[in-house]
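Trainee: I would like to go through this model with you, beginning with the helices and then turning to the strands. Shall we start?

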Amino acid sequence: MVQASAPGKCILFGEHAVVYGQPAVAVAIDQRMSVELSLSNDWRIDGMSFHPDRHPHVEALKQRLWDLGPALSIKISGNIPPASGLGSSAALSVAASAALRCARGRQMVDDDWAEGWTAARPGSIYDGPWTSSKGDSVVNGADCVDEDECAILAHAVEAYAQGGRASPLDSSACAHGGCIVLSDKIEDNLNWIYTRSLNGVSWHVHSVDLSNIDDVWLVIGSTGIHAPTSEQVEKVANLIKEQPGKMREIETIGIVSRRGIAALMNGDMESVGRAMSENHLLLRSLGVSCPELEVLISAAAPSSLGVKLTGAGGGGCMIALTRNPKMTSEAIELAGGRTLISKLASDGMKIDNDDKAPLWNPHE
């Protein structure tokens with residue numbers, strides 16, 4: 001048995017606008033998704049027969065990392081509500097890619113990867129025959145798993161599932177954890193990790209150290225309404241096509257995001273909160289809020305530094321940045337929401353069990 005997990009995420013600034021190349025900020029949350037793999041006589045997910053159309057993320061990863069591999073039984077668990085704007089699908093994709101890589105192993109030649117980075121495309125992994133030379137080896141278990149590769153794979157399958165419009169924000173936050181910043185340029189004062197491109201849009205991915213901020217929490221309020229990301233992304237795309245002037249809101253969200261990033265770097269959480277609330281007003285103008293979200297946001301506002309919807313909108317969740325998580329949580333629940341509390345930036349992807357790795361070694 002091999003098991004990996006990855007956190008969900010909250011977007012502090014920039015959802016929807018990030019798809020159009022604007023900067024955005026996401027933080028990993030305490031809530032996680034876990035994927036457990038074991039060999040099986042046939043493909044199964046949670047004891048049921050595996051149907052690719054019901055699990056497009058898993059199917060896409062299967063094509064990229066496990067093509068021609070033996071059948072697996074996959075168990076998925078976690079405490080991230082689905083279709084809620086908390087990155088459940090990205091966390092699943094990251095955890096599944098980590099578990100599959102752990103279960104597969106990695107061919108090395110002279111201490112360099114012999115395969116891996118091109119795995120974002122189906123059928124592009126080289127499975128041999130490997131030429132035997134002095135520097136060749138195979139690394140198995142947790143040692144062969146790489147956060148960057150998991151982020152690349154998760155972004156690829158998220159784009160596949162969302163019709164090609166996904167940004168790497170969710171996948172990077174779920175893989176690396178902490179605080180992730182996407183920008184249209186490499187920021188000199190941030191830690192640049194890598195650059196991603198899709199459909200002519202490029203994003204530069206950075207990390208921000210928030211370990212010195214320990215006096216604020218995120219309270220997540222769920223409306224209980226499922227709102228698939230792909231539908232909301234398409235809704236905004238259609239709105240902009242019909243009303244090109246709405247691109248101004250997208251651009252203004254980018255300006256607010258930059259102000260929020262600067263406040264995060266300075267540890268000015270009051271300004272971070274104000275930027276969050278401004279961001280929400282712009283998202284509401286794009287039509288991705290809903291009455292249920294507005295009720296929870298109004299309830300949380302008096303005890304919070306900032307409030308907004310998080311993720312695609314249309315339902316799902318709102319978040320509140322607060323120094324009094326108990327009071328804020330109670331206010332949201334009195335207004336009809338269900339709450340989760342998280343620290344501001346949690347740990348990223350982890351291999352929780354590699355005792356049986358590899359489950360399949362295509363390199364032999």
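Trainee: At what angle do helix H1 and helix H3 pack?

Mentor: Helix H1 (residues 56-65) and helix H3 (residues 147-161) pack at about 130°, and their axes lie 9 Å apart. Axes are lines fitted to C-alpha atoms, for helices over the stretch in contact, and angles run from 0 to 180 degrees between N-to-C directions. Please note that this is a predicted model, in which local features need pLDDT of at least 70, side-chain atom pairs count only at pLDDT 80 or more, and totals for chains, interfaces and linings use all residues. Residues are numbered from 1 along each chain as its sequence is written, and side-chain values use heavy atoms, with hydrogens and water left out.

Trainee: What are H1 and H3 to each other, then?

Mentor: H1 and H3 are therefore oblique to each other. Angles under 35 degrees count as roughly parallel, over 145 as roughly antiparallel, 65 to 115 as roughly perpendicular and the rest as oblique.

Trainee: Which residues in H1 and H3 meet?

Mentor: Pro56, His57, Ala60, Leu61, Arg64 and Leu65 in H1 meet Leu153, Ala156, Val157, Glu158, Tyr160 and Ala161 in H3; contact means heavy atoms within 4.5 Å. By class, the residues of this contact of H1 with H3 are 9 nonpolar, 1 polar and 2 charged.

Trainee: And how do the axes of H2 and H4 cross?

Mentor: The axes of helix H2 (residues 88-104) and helix H4 (residues 169-176) cross at roughly 55° and come within 9 Å. H2 and H4 are therefore oblique to each other. Ala90, Ala91 and Val94 of H2 make the contact with Asp170, Ser171, Cys174 and Ala175 of H4. In the contact of H2 with H4 there are 5 nonpolar, 1 polar and 1 charged residues.

Trainee: On to the strands. How many residues of E2 are buried?

Mentor: In strand E2 (residues 24-39), 12 of the 16 residues are buried, so defined when under 20% of relative accessible area (1.4 Å probe, protein chains only). E2 is thus mostly covered.

Trainee: Which sense does the pairing of E1 and E2 have?

Mentor: Strand E1 (residues 2-13) and E2 pair in the antiparallel sense over 10 bridges; two strands pair if DSSP finds at least two bridges between them. Cys10 stands opposite Val27 in E2.

Trainee: What stands opposite Val27 in E9?

Mentor: That is Cys179. E2 and strand E9 (residues 179-183) run antiparallel and are joined by 4 bridges.

Trainee: And how many bridges does E2 have with E5?

Mentor: E2 pairs with strand E5 (residues 72-78) over 7 bridges, in the antiparallel sense. Within E5, Lys75 is the bridge partner of Glu36.

Note on methods:
Helices (H or I, at least four residues) and strands (E, at least two) are DSSP runs, numbered from the N terminus. Ala, Val, Leu, Ile, Met, Phe, Trp, Tyr, Cys and Pro count as nonpolar, Asp, Glu, Lys and Arg as charged, and the others, Gly among them, as polar. Buried means under 20% relative accessible area, exposed over 50%, partly exposed in between (1.4 Å probe, protein chains only).
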